[in-house]
Amino acid sequence: MMRKNRGFIGGSLAALMAGIFLSMTFSTQAGDFTQADLERWDKEFMTVVAKGDKLFHSALGTNQVSCDQCHPNAANTHPETYPKFQQQLGRVVSLFEMVNWCIQNPLEGEPLLADDAKMVALLSYITYERRGVPLAPGKH
Amino acid sequence: MNMNRRAFLKTTGAGLIASSFPMSLVKLAFGAKSPAQDFTFGYISDAHIQQIKGNRFVRNWDMGLIRAVREANLLTPRPDYFMFGGDLAQLGKKEELDHGLEIMSKLRGKVHYVMGEHDYYLDLGAYWRDKISPLYYSFDHKGVHFVVLNSILTYDSWTNGKWASPMDRMLAMARLDNPDGSPFMVGEEQLTWLKNDLEKINRATPVVVFSHSPIQKIFKPWNFWTEDAENVQALLKPFEKVTVIYGHVHQIQYNQIGNMSFHAVMATAWPWPYPESYSQLASCMPKLTVPMNRADPFFERDATGWQFIDVSNGKTAMHYQLPDNRNRTVAYTATTGRPEDLSYQDFSSRIPPQMHY
């Protein structure tokens, strides 16, 4: 009980101080962002795209084969069509499942969790190489 | 007697002939207007044999070449010879070339080899020249003049650049979508050789050129491209019948430029997307080409294959052998003066899997 209270008081104090600190340093409100913010967020994204680019061009499985051997510039991956009914699997899947299918089969490797940083990077690169193409979920 | 091939195949059921197995060759007797005789040859290309470690190689690519060799051995009657269209290895290693040659050694018949960039950029063709073949040469067969070009050379400044190692250079060229790659070319030395070689040939003699890269410009970023293609084409222009057959692109392509028919061959290893599938850059796929079906990755050999080629009266017909898919024939059609697919050339006869995006 004591610990809980102390934790609560401590937490409240920290939040209060953080609030004072933030209100002193930032004049913007939650919905506001600046050009600098946009540039930083873009940079963060492109850093992950670059990681994905590197992973896409390296051996992710056990047999030295890399994704780009069949998909130069991530072409023929059709990220805009997912989720879709993957007729070979007999159900609707997200793109990460097809990425894992490729890692497990042609690359003879172990699948990644959907939120694994590597998977996020791969999906970022694949989608970035397809930027500007209209969404077409379900399209085969 | 002047019945063209397309009409003949239509009336005899091209689908039945193409799908029967073991395969029988379509053989036509043409009028003796040309000194060239009718014959067939087989074509296997882009095996990309890839070493994992020691004596372990990528099973998928091995199986592609093994299957092509086994099927080609069933051809009856036997083709006069075989071509191998380049990229026997993935990274130009002796182990990969040796392993590929071991599989190729099961093929019954003489094989002429074309060099690909994956065979070249590790040792600049030293092992190939020593064990397999000259890098460029010509030969004559039954009245047809055949030329093998090494079209995957590039600027000396790139080849002799500051590489950490020869393997570093090999890896840079092996990556198809490498933004720091360099365009393929035949080069001055070979152009001079080609000019001299062709000078001795009668203009009525059919000429067939084998190269690894297309001797036409389709998509530079993936080297579906030869930088000095126009210079090669200029030397071929005076001949009445010219066919260029190339590998590298891992897909069905065909085109007609003036007197020259162009055909791509399939890979035994894996298919590549058509350049239009890369939405960020424009490409120039010949409008004549009816694409192969989009690959189904769940069928390992789908959208790979090999082919045999009829040469009749100096004109060629490509018979694409496509495991897990319907075989296709793209043949020179006299009435239109260009290669056409015997089943799918008309827009109305195309099928949804041929739509690439």
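Modeller: Two residues are in contact if their C-beta atoms, placed from the backbone, lie within 7 Å. This is a predicted model, in which local features need pLDDT of at least 70 and side-chain atom pairs count only at pLDDT 80 or more, while totals for chains, interfaces and linings use all residues. Residues are numbered from 1 along each chain as its sequence is written, and chains are lettered from A and ligands numbered from 1 in the order in which they are written.

Biologist: How many residues does the contact take from chain B and from chain A?

Modeller: Chain B gives 16 residues to the contact and chain A gives 18. On the chain B side that touches chain A there are 9 nonpolar, 5 polar and 2 charged residues, where Ala, Val, Leu, Ile, Met, Phe, Trp, Tyr, Cys and Pro count as nonpolar, Asp, Glu, Lys and Arg as charged, and the others, Gly among them, as polar.

Biologist: And which helices and strands does chain A have?

Modeller: Chain A has 4 helices and 2 strands, in the order α-α-β-β-α-α along the sequence; helices (H or I, at least four residues) and strands (E, at least two) are DSSP runs, numbered from the N terminus.

Biologist: Switching to chain B, is B:Leu342 exposed or partly exposed?

Modeller: B:Leu342, found in the segment after β15 (338-341) of chain B, is partly exposed because 19 other C-beta atoms lie within 10 Å, whereas a buried residue has 20 or more and an exposed one 12 or fewer. Its C-alpha atom is separated by 7.1 Å from that of B:Ala331, 11 residues apart along the chain.
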